Every structure is written in structure tokens, then in C-alpha cells.
Amino acid sequence: MEQVIKEKGPENIGGVVMTITNNSAGGQPVSLRNLREVYTVCKKYNIPVNIDAARFAENAMFIKMREPECKEMSIKEIVRACFECGDMLTMSGKKDAIVNMGGIIGVRDGNAPFILKIKANCISYEGFYTYGGLNGRDLESLAVGLYEGIDEDWLRYRIGSIQYIGECLDELGIPYQSPAGGHGIFLDAAKFYPQIPYNEFPGQILSIELYKECGLRTCDIGSFMMGNDPDTGEQIKSMNEFTRLAIPRRVYTQSHYDMVIEGINEVWKRRASIKHGYRITWEPPVLRHFQATLEPIA
Ligand SMILES: Cc1ncc(COP(=O)(O)O)c(C=O)c1O
């Protein structure tokens, strides 16, 4: 249960968000059992469940690979079983539907009280709700991508290529969240830089070092992302200090992966030379890791 929205107000319908796969825990899958149990509890207390389904297909493939009772099910059947554990879904199409742009909001109950609001917001901010501001070409790509994205061979290749990066890192002794998840590799920045305290953002240092080394664009999934405690204003100490390499679909080849691994290895070899991290010079009130500015601590 990744996130519980507590406040019910005009901007918020309240509910539980299940993000499949778990984006901030290394892209690890959410089991069908977990989804079912959460949904049962939420039904009992009349709490709506939203599935953040950006990586629904990888999640289904992991369920097939790891849950013995689902071994014989098709990906489509598993996907259906997962979506039975939610009242609505939000989905960025740029991940498992393998398109350049667009997404979907799906609501099980066409008469749900919040659906009018969703439609009104869509019309105001995106475009009429049947196309959400997308052109016909992109909608057609999305329709095709939803099928291509659940092809079992494709999913096996996709998950296998992330595992390949993990195996190369294992050989080099480079620490990451293991076993590798579905959509990327999460390097363990706390192990790269044990000399750096959490409030100098080890995950962000590693991200910057990778960019300097080989132009690789990654992001912190650690204390920098966590932000400040809303009650005390103090920096939150994250349980993990990760640097996420989300691997895009249809773009990278094996030689790209090899180049990335070489770059990571160079940064790993010079890890002891890092003496200080970064301080934030400006941050927005929410989701600061997308916009904040930083400077190196001298
Ligand atoms: C799980 C998940 N949900 C939603 C999003 C947002 O996607 P978009 O940038 O298409 O809005 C992301 C982006 O990485 C994601 O990983």
C-alpha cells in the first residue's frame, strides 16, 4: 500500500493508491495476493482504491514468473485479475503501453460521484475526455501499444535486459537493489558514498557523477526525493538512498547497456574521492526533486 490519501476535500476524493510495480522500491512487483488483500480491506471500510498502472504489464509478468498459482495464466488474465482489485486506474501510457505520449484514466463505476469531476477537469486542462488532448495517431498507437505491451516474449526480453545489467553489476561488485526490478536499475548510493550524510543527498551525487561521466540522466530516489517533514519542516531521512536508472523501452540496445555499465564502473572506481554532497538553494513546495536547485558543498 504505497500511499494513503487522508484528506477528503474538494480537490481530493480520498483513497488508497497501489503503484504497480513499486516505483520507489526498486521497481519491485506487487503480488496479486497483496492487491487482493488491500482491496478486501478497503472494501470493508468503503475506501476507493486507485491503481497507478504505468507498469501494469511488467507487474503481471513478474506475477506469472514468481507466483506459482499464476504460472499457467496468460498475461491478459493476470492483468484482468489485478484490475479487479481497484475502483479506478491512472496510467501513463509512456511506460508499459510503449507510446510517446498519453495515458488513461479508467473508472469501474461510470456513475461514481467523482467521474463528473474527472471529466470536467479533463475538458478544462487536457481536451475532451474521449481523446484527452491527444491526436488520433497517438490514440491509435496507444491502442496498439496496450496489446504489444502485454506480449509475453516482449516482457521476457524486457525484464531479461534489466537482469542483464544487474548481472554485469554483480560481476563488478557494484551495489544495487537486488533482485533487479522491471523498469530499471536502482544503484545503492549509500554504499557508493558511505562517507556522505543523508542530508547531502548521496543519490543526487551519484546522479550528477553519472551525468558528468557519460551524459546518463538518472534521478535520486532517496532523501532528496523524500523532501521535508510537513509538520517539522526537517529533512526526512529516507530508508534507502537510491539512484534510479529507468530504462526506456524500444530505445536501448545491448551496446547502450554496455556503455552505461562502463560509465557506472568509472564512477564506482572514483567513489572515495567524493568528500561532500550538495545543498538545496531553492525548492518548490511539492515534488521538489523535479525542480529544486542545488550547489556543491565546498
Ligand atoms: C509509476 C508511475 N506513475 C506515473 C508516472 C508519471 O508519468 P508521466 O510522466 O507520463 O505523467 C511515472 C513516471 O515515471 C511512474 O513511474
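Which are the buried residues of helix 2? They are Phe56, Ala57, Glu58, Asn59, Ala60, Met61, Phe62, Ile63 and Lys64, where a residue counts as buried if 20 or more other C-beta atoms lie within 10 Å of its own, as exposed if 12 or fewer do, and as partly exposed in between, with C-beta atoms placed from the backbone.

The legends below describe a predicted model, in which local features need pLDDT of at least 70 and side-chain atom pairs count only at pLDDT 80 or more, while totals for chains, interfaces and linings use all residues. Residues are numbered from 1 along each chain as its sequence is written.

Figure 1. The chain is divided into domain 1 (3-148) and domain 2 (160-296), with bounds that come from an automatic or database domain assignment. Between the C-alpha centres of domain 1 and domain 2 the distance is 27 Å. Eleven residues from domain 1 and nine residues from domain 2 take part in the contact; two residues are in contact if their C-beta atoms, placed from the backbone, lie within 7 Å. The secondary structure comprises ten helices and ten strands, which are DSSP runs (H or I, at least four residues, for helices; E, at least two, for strands) numbered from the N terminus. The radius of gyration of the chain, 20 Å, agrees with the value near 19 Å that a compact globule of 298 residues would have; this radius is taken over C-alpha atoms, and the globule rule is 2.2 Å times the number of residues to the power 0.38. Of the 298 residues, 37% count as buried.

**Figure 2. The surroundings of the ligand.** Thr19, Asn23, Asp52, Ala54, Ser92, Lys94 and Gly103 surround the ligand; a residue is near a molecule if its C-beta atom, placed from the backbone, lies within 6 Å of it. By class, this shell has one nonpolar, four polar and two charged residues. Here Ala, Val, Leu, Ile, Met, Phe, Trp, Tyr, Cys and Pro count as nonpolar, Asp, Glu, Lys and Arg as charged, and the others, Gly among them, as polar.

**Figure 3. Helix 2 and its packing partners.** Helix 2 (residues 56-66) is largely enclosed by the rest of the structure, because nine of its eleven residues are buried. The buried residues of helix 2 pack against helix 1 (32-44), helix 3 (75-83), strand 4 (88-92) and helix 6 (152-172).

**Figure 4. Strand 2 beside strand 3.** Four of the five residues of strand 2 (residues 15-19) are buried, so this strand is largely enclosed by the rest of the structure. Strand 2 and strand 3 (residues 49-52) run parallel and are joined by four bridges; two strands pair if DSSP finds at least two bridges between them. In strand 3, Asn50 stands opposite Val17.

Figure 5. Five of the five residues of strand 6 (residues 184-188) are buried. In a regular strand the side chains alternate between the two faces of the sheet. Gly184, Phe186 and Asp188 point one way from strand 6, whereas Ile185 and Leu187 point the other way. Strand 6 is joined by five bridges to strand 8 (residues 242-246), and the two run antiparallel. Asp188 stands opposite Phe242 in strand 8.

**Figure 6. Met259 in helix 10.** Met259 lies in helix 10 (residues 254-269). Met259 counts as partly exposed because it has 15 C-beta neighbours inside 10 Å. The C-alpha atoms of Met259 and Leu216 are separated by 9.9 Å, although these residues are 43 residues apart along the chain.
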